[in-house]
Amino acid sequence: MTISAATPLIALEVAVLDTETTGLDVRQDRIVQLGAIRMRGAELLPDPPFDRIVNPGIPIPPVASRVHGLTDADVAPHPAFPAILPELLHWLGDAVVVGHSIHFDLAVLRHEARRHNLPWREPRVLDVGFLAAGLDRGLVDTSLDGLALGLGVAVEGRHTAWGDAQATARIYAALLPRLQAAGIRTLGEAETLSRRATDLIARQERAGWFDRAAGGGRPDYALAAMRAGGQRATDSFLYRTRLGDVMSSPVIAVPETATVHEAAQLMHARGIGSVFVETGDGHGIVTERDMLRAIAEGGAEAAPITRFMSRPVLSAPADTFLYRALGLMARRHLRYLGVTEGGRLAGIFTLRTLLRERALATLAVGDEIAAATGAADLARVQAALPGLAAGLLADGLEARAVAAIIAAENRAMTARAAELAEAELFQEGGGPPPADYALLVLGSGGRGESLLAPDQDNALVIADDYAGDLDAAEDWFTRLATRVNEMLDQAGIPLCKGGVMARNRPWRRRLSEWRTQLAEWARRPEPAAMLNLDIFYDFTLAHAPSAGGAALAEALREAATETARGAPALLRAMGEIAGGHTAPLGLFGRIRRDEAGRVDLKSGALLPITAGARVIALRHGVTALSTPQRLRQAAERAGRGETDAALLADVHGFLLRLLLAQQIADLEAGITPGNRVELARLSRQDQDHLKDALGRIETMREMLRDLLQGV
């Protein structure tokens, strides 16, 4: 896994390192012992630890021996530093180095390397003292013993490199949940937090523990992110193309009564390498390889084709992105994949050797989600998204398509979290799902417009025949939702601050309860409920373990659309809120910025467009979820020219690009990504375009007024 600032701490591989030395002068003293241990997140890895005694080549002062217990006689038979360093560097690899007062250890290692004219590479580091001080600005004692005492961590083998490395590893593991609770989830955010320990940093700088040889100022993270993305040469075709775009249709099939000979004749006549077999309860598939097997058996031409078919036919929905389909096919060793629309087989996607080799060589995110066994695996996928987004933007893919990729991955992660939670409940004796259900993703994730500052917006719809108590903590669906939300939070998709999550009872309902809630929203469209309503109406299915669950999601969609169309007061209330957002433009059309020189592009720019498009779509019965589709289809149904709709769709895509680029830059800089863009980073052309785009927000209000007339 490539480590970047966006790598979640839960999935971060680190090497916890400690040294013992002949003294405290980093320029003159030498190393006598090295100890290191590997971790991923809070778990120790089974890799053999690094535990070495080093002959320093100089006498060990008695005062140092009294601390670590090593004498000249103890170190004499052991190798000198030049023999140890290559082994250490190989063992460390690309791992982030964690330690206590780690800059001391690195300074000694650095000077030892220079003394012996050996190559040295400066690793990325986290200091547990810095992290603790960043979390608690009033913390006085940041010593190893003080931190261990405060965190309830046992310390054994004190003042030996191996013992101190173990103690530091326990402290680091104890800090991780505290960091997560404080919103510090990624390596970059932890590095930024560490910079708050200004007193510690100042003391260590005065002691000469930091390497200032490189010099230079702060890097341009945005440029670095885009350049790194471009160097990955991401094949954007795989990320903008869906199965429905490339599938072969209609379905070519033979009845289950057909013979091998008849199926072979059809394949030859159509020039195809496979054919479906229609059975009473679905489909099977026969491929060229199956035909070769039939020929090899001899005399099988008259045999029923069902003897050689494979079933069930593995398939994926038509809106599946090609990169995800290829990942599934690679994992299952498939050459053919069925494509479904509305749950019915609609076509087939075939994988030729050239395409397969080309595709699998360029995948940045494949089918890792399907193989995930827990939050740490999901976190690694989440960590790959910023780099993937940077590469796709640098490759020229428009921001809306990149946002759709991010949304698809987040939905897939939500679905996998549900599968894992189901398995856990089953293993604990809870059994399979006690009723049909569907897990929905709401908000921007439902629209397919997710960026890199995610949070959870999800809900459950459950069959009406479920007799359990959804208010009870021990209820099967309550437990499922709680585990899903917790797992996603650990994986880097934080809990929703507004509480829009399935673990909360208002977002965990039977279908009839949802219909009642829709009627209540329509009857009493109070402002307090409008935000939740906006998020809800963008829902899409993320996971349904049965066809009945998928039908529940579709029934809820129909009920929601019908309720909105028949509720003029509701549409007016939603329209007033959408039209109430004002663009951040001040006197003479200047862009208003905050004290940090940033402008909020969500509340004053994206929200008027997305919320307005939602209302207009509901008014005209448009079921599309993406903002551009809603705008264009609603304009067409209203008999209005599409010029304004196309213009607003372009503005929407432009705003997404600015936000994505800023979020990539912030993640690389260790800043929690948000919805504010730093104007100074924008080119003069983008600043001019932004000013023009913000001025177009009034067009959205005009469309709202026009298309809601008579409501």
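Visitor: How do the residues lining the largest cavity divide into nonpolar, polar and charged?
Guide: This is a predicted model: local features need pLDDT of at least 70, side-chain atom pairs count only at pLDDT 80 or more, and totals for chains, interfaces and linings use all residues. Residues are numbered from 1 along each chain as its sequence is written, and side-chain values use heavy atoms, without hydrogens or water. Ala, Val, Leu, Ile, Met, Phe, Trp, Tyr, Cys and Pro count as nonpolar, Asp, Glu, Lys and Arg as charged, and the others, Gly among them, as polar. The lining has five nonpolar, two polar and two charged.

Visitor: How much space lies in the largest cavity?
Guide: On a 1 Å grid over the protein atoms alone, a cavity is a set of points where a 1.4 Å probe fits but cannot get out; lining residues have an atom within 4 Å of a point. Points join across faces, edges and corners, and volume is the space filled by probe spheres set on them. The search of the whole structure finds one cavity of 30 Å³ or more. The space in the largest cavity is about 50 Å³.

Visitor: Which helices each supply at least two residues of that lining?
Guide: Helices are DSSP runs (H or I, at least four residues), numbered from the N terminus. The lining includes R557, T561, A617 and L618. The helices are α23 (547–565) and α25 (602–619).

Visitor: At what angle do the axes of α18 and α27 cross?
Guide: Axes are lines fitted to C-alpha atoms, for helices over the stretch in contact (heavy atoms within 4.5 Å), and angles run from 0 to 180 degrees between N-to-C directions. The axes of α18 (399–427) and α27 (643–668) come within 8 Å. They cross at roughly 65°.

Notes
On a 1 Å grid over the protein atoms alone, a cavity is a set of points where a 1.4 Å probe fits but cannot get out, and a pocket is an open set with protein on both sides within 12 Å along at least five of seven lines; lining residues have an atom within 4 Å of a point.
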